[in-house]
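I am opening my notebook on a structure that is new to me, and I will write down each thing as I look it up.

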Amino acid sequence: MQQRINAYFSDKEDLLVHSVSRMVRIESTTGAARPGMPFGEGPAAALDEMLRLSEELGLPGENLEGYVGVIDLNKQETALHILGHLDVVDGGEDWTQTTPFKPKLVDGILYGRGTDDDKGPMVAALLAMKAVKDLGVPLKKNVRMILGTDEETGFRDIHWYYDRHPYAPYTISPDADFPIINIEKGHYQPTFTAGWPAVTVLPRVSSLTGGPRLNMVPPKAQALVLGLTPQDIQAVCDTLDLEPNITFTLTQQENGVRILCSGVAAHGSTPEEGHNAQTALVSLLAALPLADAPSTLAIRNLAALFPHGDFTGEALGISQSDDLSGHLSLAFTRISLDDTGLEGRFDTRTPLCGTDETIRLPAEAALGRAGFSVKGEIDPPHHVPAEDPLIQTLARCYEMYSGRKSQCIAIGGGTYVHGIPGGVAFGASMPGFVSNLHGPDERVNIKDLLTAAKIYAQVILELCS
């Protein structure tokens, strides 16, 4: 069967590139809900296009009230769910090869928002289903692809689906890396607030805004400072020991100095791969010669609790790790401050050893001492033991086509299988490839994606035939 699958995909590279590209051209970021479009026009358009593509490939699907699409290989009892999403994060800035929604193939690498997360892998899985059908192998069970539209902003689509439909015996999500993701860290993403009466004392910070998304290291942040000159602020900038990827732009305005801090975006689960503009800006503001005001105290407390370059929550008192799932990660990603208060959020990915006693309670205590009120609970980690029969099957299929040794790994990112009994994330990026998902120049290696399609075809055959 391996020879037949290899032969089947020998001329499918152009089809793969064309199919992924037509999906990437759709700007499927979350928008305002409309009738039949619970997550906005962009995700709805992507879902319609994917269902058109599946119809053209001989695999008709169904749109379930705009929340998800489903594509079944046959009418037998379902054994396998393949979960992935068609919504994407914002295009962002600083792209060098193309613009976010204009896919471009360069030396076997396809660039564009969603090429890796998660449109490319879902097209590969769709082609795997087509391969199984075209090869004519009789199946005893069905595989159902579930096309989500709200993965980036809350999983409301998948919650809606599983409130109405049963789990499958086996579930995989091609929304991460190979080999096998059997541990997804937990999430602690609280909201903290503070309020104060407006004051007119100078100099002070009048406004501060940070990242657009909870799960993304902010590439930009900005503040308005009253009562100082650009020269005053530049003198402090020159004393900061920050990396070259962090830059400050100072603009004199009628009512103060606008500070724009630029960094580099990264996924919230891997804050060390980015350069956080928000924490850098807070560091600068905390170092300015500001008046004794509530906003000044709040900013200096933020700088102490979330210092620039602290990716493990050490300053907050929650740093910890274990052998199976690795270290806790923390990214301070949201802030909105004005003359009467602030609201902030941070994105923490928690290891298996993390508990309320070692994470939530110490964080609440530290923030409380700094004058902040905190709301938020820990979403526990997801763990499927390495001895599970599904994992053994996936490992065999991966090794068969990749030529690499399989292993189980833990990630800080969360996929659709988080909380689904026995579900694991499986591909589609190969080890060592940097896809830059959620950042500029997001990309996928087309030959690797073709290999992933072969692996998924073999998985379907082993679990459903």
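**Entry 1: a glycine in a loop.** I began with G263, which I found in the loop between β16 (256-262) and β17 (266-267). The model I am reading is a predicted one, so I write of computed values throughout. Is G263 buried or exposed? Its relative accessibility is 8%, and because buried means under 20%, G263 counts as buried. I then looked up what G263 touches, leaving aside residues up to four places away in sequence, and noted D94, P219, N245, I246, H275 and A277. One of these, N245, is 18 residues from G263 in sequence, and the two C-alpha atoms are 5.7 Å apart in space.

**Entry 2: the chain as a whole.** I stepped back to the overall picture and counted 11 helices and 28 strands in the secondary structure of the protein chain. With 465 residues, a compact globule would have a radius of gyration near 23 Å, and the protein chain, at 24 Å, agrees with that. Taken along the principal axes, the box filled by the C-alpha atoms is roughly 75 × 45 × 45 Å. Buried residues make up 58% of the 465, and among the contacts with a separation of 6 or more, 77% are between residues 24 or more positions apart. The accessible surface comes to about 18,400 Å², and carbon and sulfur atoms hold 49% of it. For charge, I noted 36 positive and 58 negative side chains, with the centres of the two sets 6 Å apart.

Entry 3: Helix α4 itself takes in residues 119-135, and its 17 residues reach 24 Å from the first C-alpha to the last, close to the 24 Å expected at 1.5 Å a residue. Why do I write that α4 is largely enclosed by the rest of the structure? It is because 15 of its 17 residues are buried. After the helix comes G136, whose phi is positive, near 75°.

Entry 4: Which residues of α8 are buried? I listed S295, T296, A298, I299, N301, L302, A303 and L305. These buried residues pack against several elements, including the strands β11 (191-195), β12 (204-209), β20 (329-338) and β21 (341-350), and also the helices α7 (277-287) and α9 (356-369).

From α7 I picked out V282, which counts as buried at 2% relative accessibility. Leaving aside residues up to four places away in sequence, V282 touches I299, L302 and A303, together with L208 and F332; those three, I299, L302 and A303, are also among the buried residues of α8.

**Entry 5: a histidine in a strand.** H187 is in strand β10 (residues 186-188), and it is buried, with a relative accessible area of 12%. What does H187 touch, not counting residues up to four places away in sequence? I wrote down T348, R349, T350, E377, I378, D379, G412, G414 and H418.

Entry 6: The peptide bond from G427 to A428 is cis, with omega near 15°, and A428 has its place in strand β27 (residues 428-429). In the loop between β27 and β28 (443-445) I came to H438, which has a positive phi of about 70° although it is not a glycine, and which is buried, with a relative accessible area of 2%. Another residue other than glycine with a positive phi is F155, near 65°; its place is in the loop between β6 (142-148) and α5 (156-162), and at 16% relative accessibility F155 counts as buried.

Key
Residues are numbered from 1 along each chain as its sequence is written. This is a predicted model: local features need pLDDT of at least 70, side-chain atom pairs count only at pLDDT 80 or more; totals for chains, interfaces and linings use all residues. Side-chain values use heavy atoms; hydrogens and water are left out. Helices (H or I, at least four residues) and strands (E, at least two) are DSSP runs, numbered from the N terminus. The expected span of a helix is 1.5 Å times one less than its number of residues. Buried means under 20% relative accessible area, exposed over 50%, partly exposed in between (1.4 Å probe, protein chains only). The radius of gyration is taken over C-alpha atoms; the globule rule is 2.2 Å times the number of residues to the power 0.38. Contact means heavy atoms within 4.5 Å. Accessible areas come from the Shrake-Rupley method with a 1.4 Å probe; for residues, only the protein chains shown count as cover. Lys and Arg count as positive and Asp and Glu as negative; His and the chain ends are not counted. The place of a charge is taken as NZ of Lys, CZ of Arg, CG of Asp or CD of Glu.
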